[in-house]
Amino acid sequence: MTRHRRDICILLAAGATILLSLAGVSTPQELRGTVEKPPAVQIAQAGDPAVLDFPQGTATPSELCGACHKAIYREFSEGFGADLQYGEILYESDQGNKVLGMPAKTSIPSLHAFAGIDPFPAHARAIEEGGMSCDVCHFPQPFDIPDANQAEIAKPQGRSREQEAGGLTCASCHLTPDGKIRGPYDVTAPHATIKDAAIQTAAMCANCHALGKRVVGKQTQTFLEWREDFNKPGLGRQHCQDCHMLRTERKIAEDFEVPVRAVARHLWTGGHSPQRVSSALSMVIVQAEDGGPRLDFHVINVGAGHSVPTGSNRRAVYLRTEVAGPNEEVIASEQWMFAPWFQNRPDDPKYLEQDRNEPNAFAAVQADAQGPHEAPIRAGEERILTWTPPLAAGGYTVRARLVYDLNRYNDPKFTGDQAEIYRTSLAIKIAP
Ligand code: HEC
Ligand code: HEC
Ligand code: HEC
Ligand code: HEC
Ligand code: HEC
């Protein structure tokens with residue numbers, strides 16, 4: 001193995017000194033230990049031409065960037081400032097049930113920092129895809145930000161198998177194919193930078209958060225849902241970053257003499273954040289006719305710039321309703337599931353035979369076996385679900401809850417991966 005070592009010392013006007021040692025070793029594990037303070041062999045003034053390059057490409061460990069970009073690294077690697085949680089995932093495989101869990105902490109790493117070590121995709125790919133490296137978005141090579149108007153967005157190329165482990169790094173999003181660091185500013189940095197306004201737009205997220213053509217109701221459509229349902233009709237001006245990377249004023253590189261800027265928090269709360277999923281939907285119960293038993297549940301997408309639930313077909317939102325009598329006894333109950341389809345058509349058990357001959361057999365069967373369900377609720381949509389419970393004359397309480405589930409394919413009674421996101425009730429009278 002060839003090793004070359006460069007020690008860099010950047011002397012700042014204020015007198016503070018940053019020492020970094022970059023060793024051109026081939027595995028992230030080895031490199032990890034080398035962000036320390038070695039003897040300096042080279043002195044550079046702030047403002048000198050870039051001295052850092054990243055021979056490891058997107059396998060460059062994020063710790064390295066974190067030596068200078070401290071607050072951003074803390075958010076990325078610890079989820080500092082978010083309510084991110086990873087309870088447990090019950091994974092039903094053909095080798096029996098597995099519970100995958102994380103130790104309980106205030107927060108877990110951002111899901112991007114976690115993408116290479118998250119046990120759930122690793123298990124899914126072993127069970128569903130025969131170990132094939134299908135999940136290239138979890139360990140991508142450098143890509144160009146795509147044209148946001150393209151009908152179909154290409155997925156990134158994956159890194160080679162021995163370099164997968166580092167997962168999604170700072171460099172995955174910031175390193176351009178020609179070795180520069182992209183960002184929103186025109187700055188002087190100890191590495192080559194390139195100002196690219198597209199990094200503050202949804203196009204930056206498109207490669208990994210969309211796969212294939214726009215098919216309403218299907219999985220892996222987040223960017224396309226945003227473009228077609230939210231942005232084009234003018235429901236909102238927000239790009240992904242405006243909701244998922246809220247900004248604060250601070251320095252980008254703490255130990256350098258640089259101005260305070262509006263910096264995006266690198267947290268990306270999504271399905272693993274009760275705060276985030278609770279902000280997505282609102283609900284109203286309506287007794288359709290005075291004295292009559294028909295109930296309308298209006299589920300309204302008030303908070304997401306795309307469908308809810310979005311992304312992977314594993315995600316689901318349940319609407320669970322019940323009618324209770326005067327002594328709290330439950331008289332009737334009903335449930336609906338909102339979830340993305342696995343394929344270009346609604347999940348349906350009538351395709352089970354056909355699925356067994358497909359390359360994605362395990363995943364296709366898993367989805368179709370659950371049978372028909374409600375499609376996700378689109379940006380700005382109000383979905384009305386109607387239910388007429390058999391009720392005699394009298395007074396009742398109608399209760400409704402929305403529950404978010406990270407994995408709809410396990411036993412629905414397993415709540416380790418679920419979060420209640422909304423609850424409401426209505427007192428009704430049924431006429432004789
Ligand atoms: C999933 C993609 C992604 C990853 C991973 C990522 N960033 Fe960013 N980064 C962005 C985007 C998008 C912006 C622009 C945010 C905005 O202002 O809209 C940004 C902005 C920045 C900026 C400029 C300040 C700002 O917010 O405008 C710095 C510095 C930065 N990132 C450093 C890092 C470091 C260090 C890491 C790893 C610890 C990292 N990024 C990981 C997407 C990413
Ligand atoms: C030796 C310190 C150091 C290291 C290591 C470092 N950076 Fe920087 N970086 C800086 C400084 C200083 C700036 C300029 C900050 C300013 O002007 O506000 C900067 C600027 C940036 C910007 C903004 C660029 C723009 O044009 O808007 C991004 C993004 C960024 N760095 C990402 C990274 C990533 C990703 C890594 C690791 C692959 C990394 N940096 C490693 C010091 C460093
Ligand atoms: C290089 C591919 C890539 C890019 C670019 C990317 N993401 Fe992601 N993102 C992922 C992967 C992979 C995961 C899932 C990781 C996991 O759950 O193990 C993820 C997870 C997330 C989550 C959390 C989902 C959850 O399950 O909690 C959010 C929110 C998110 N991304 C938003 C964004 C936004 C906003 C952008 C653009 C600024 C972006 N991502 C850019 C690949 C990417
Ligand atoms: C108006 C605010 C808003 C905008 C704009 C927005 N999101 Fe979201 N996002 C949400 C909310 C609320 C949720 C939680 C509900 C859900 O999972 O659908 C969410 C959830 C997510 C998740 C979690 C999915 C999962 O499986 O855990 C991802 C990934 C995501 N968004 C990516 C994006 C991307 C990429 C864009 C831009 C193309 C974007 N979001 C634009 C508000 C927004
Ligand atoms: C186009 C990019 C892309 C590809 C290709 C991809 N993934 Fe993902 N994956 C994501 C994103 C983005 C998320 C974040 C959640 C979401 O959007 O719902 C994710 C989330 C997941 C999750 C849920 C993780 C969690 O924390 O709950 C699993 C499991 C998963 N992926 C497995 C796979 C498998 C298996 C393959 C190959 C068939 C694959 N992925 C291919 C982008 C991708």
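Trainee: How do the numbers and letters work here?

Mentor: Residues count from 1 along each chain as its sequence is written, while chains are lettered from A and ligands numbered from 1 in the order in which they are written. This is a predicted model, where local features need pLDDT of at least 70, side-chain atom pairs count only at pLDDT 80 or more, and totals for chains, interfaces and linings use all residues.

Trainee: What does the protein chain average in pLDDT?

Mentor: The average is 87, and 85% of the residues score at least 70. pLDDT is the predictor's confidence in each residue, from 0 to 100.

Trainee: Where is the pLDDT below 50?

Mentor: Over residues 1–47. That stretch still has 74 contacts in the model beyond near neighbours in sequence. Two residues are in contact if their C-beta atoms, placed from the backbone, lie within 7 Å. Where pLDDT is low, the predicted coordinates should not be read in detail.

Trainee: OK, the fold. How many helices and strands are in the protein chain?

Mentor: Twelve helices and 16 strands. Both are DSSP runs numbered from the N terminus: helices are H or I with at least four residues, strands are E with at least two.

Trainee: How much of the chain counts as buried?

Mentor: 33% of the 432 residues. Buried means 20 or more other C-beta atoms within 10 Å of the residue's own; exposed means 12 or fewer; partly exposed is in between, with C-beta atoms placed from the backbone.

Trainee: Which residues touch the most other members of the largest nonpolar core?

Mentor: Ala202, Phe223, Leu281 and Val317, in a core of 40 residues. A nonpolar core is a set of buried Ala, Val, Leu, Ile, Met, Phe, Trp, Tyr and Cys residues joined through C-beta atoms within 7 Å. Strand E15 (394–405) is among the elements that supply at least two residues of this core. E15 gives the most, with six residues.

Trainee: Where does this core lie relative to the domains?

Mentor: Between domain 1 (56–264) and domain 2 (274–340 + 375–430), because both give residues to it. The domain bounds come from an automatic or database domain assignment.

Trainee: What is Leu281 in contact with?

Mentor: Leaving aside neighbours within four places in sequence, its contacts include Val299, Ile300, Leu402 and Ile421. Apart from this core lies another, of 24 residues, with Leu64 and Phe114 among them.

Trainee: And helix H8: how many of its residues are buried?

Mentor: Nine of its ten, over residues 222–231. Phe223, Trp226 and Phe230 are among them. The cover includes helix H7 (203–206) and helix H9 (240–244).

Trainee: Ligands next. Which residues are closest to ligand 2?

Mentor: Cys65, Cys68, Gly183, Tyr185 and Ala189, out of 29 that surround it. A residue is near a molecule if its C-beta atom, placed from the backbone, lies within 6 Å of it. The largest share of this shell, three residues, comes from H6. The shell divides into 21 nonpolar, six polar and two charged residues. Here Ala, Val, Leu, Ile, Met, Phe, Trp, Tyr, Cys and Pro count as nonpolar, Asp, Glu, Lys and Arg as charged, and the others, Gly among them, as polar.

Trainee: And which are closest to ligand 5?

Mentor: Cys134, Asp135, Cys137, Gly311 and Ser312. In total, 21 residues surround ligand 5. Nine are nonpolar, four polar and eight charged. Helix H5 (residues 119–128) gives the most, with five residues. Domain 1 and domain 2 each provide at least three.

Trainee: Which peptide bond is cis?

Mentor: The bond from Val308 to Pro309, with omega near -10°. Pro309 sits in the loop between E11 and E12.

Trainee: What about phi at Trp268 and Glu328?

Mentor: Trp268 has a positive phi of about 50°, and phi of Glu328 is near 70°. Neither is a glycine. Most residues other than glycine have a negative phi, and most peptide bonds are trans.

Trainee: Is Trp268 buried or exposed? And Glu328, buried or exposed?

Mentor: Trp268 is buried, because it has 24 C-beta neighbours inside 10 Å. Glu328 is exposed, with 7 C-beta neighbours inside 10 Å.

Trainee: Last one. Where does Asn344 lie?

Mentor: In the loop between strand E13 (330–338) and helix H11 (352–355). Asn344 touches Val215 and Lys218, not counting residues up to four places away in sequence.
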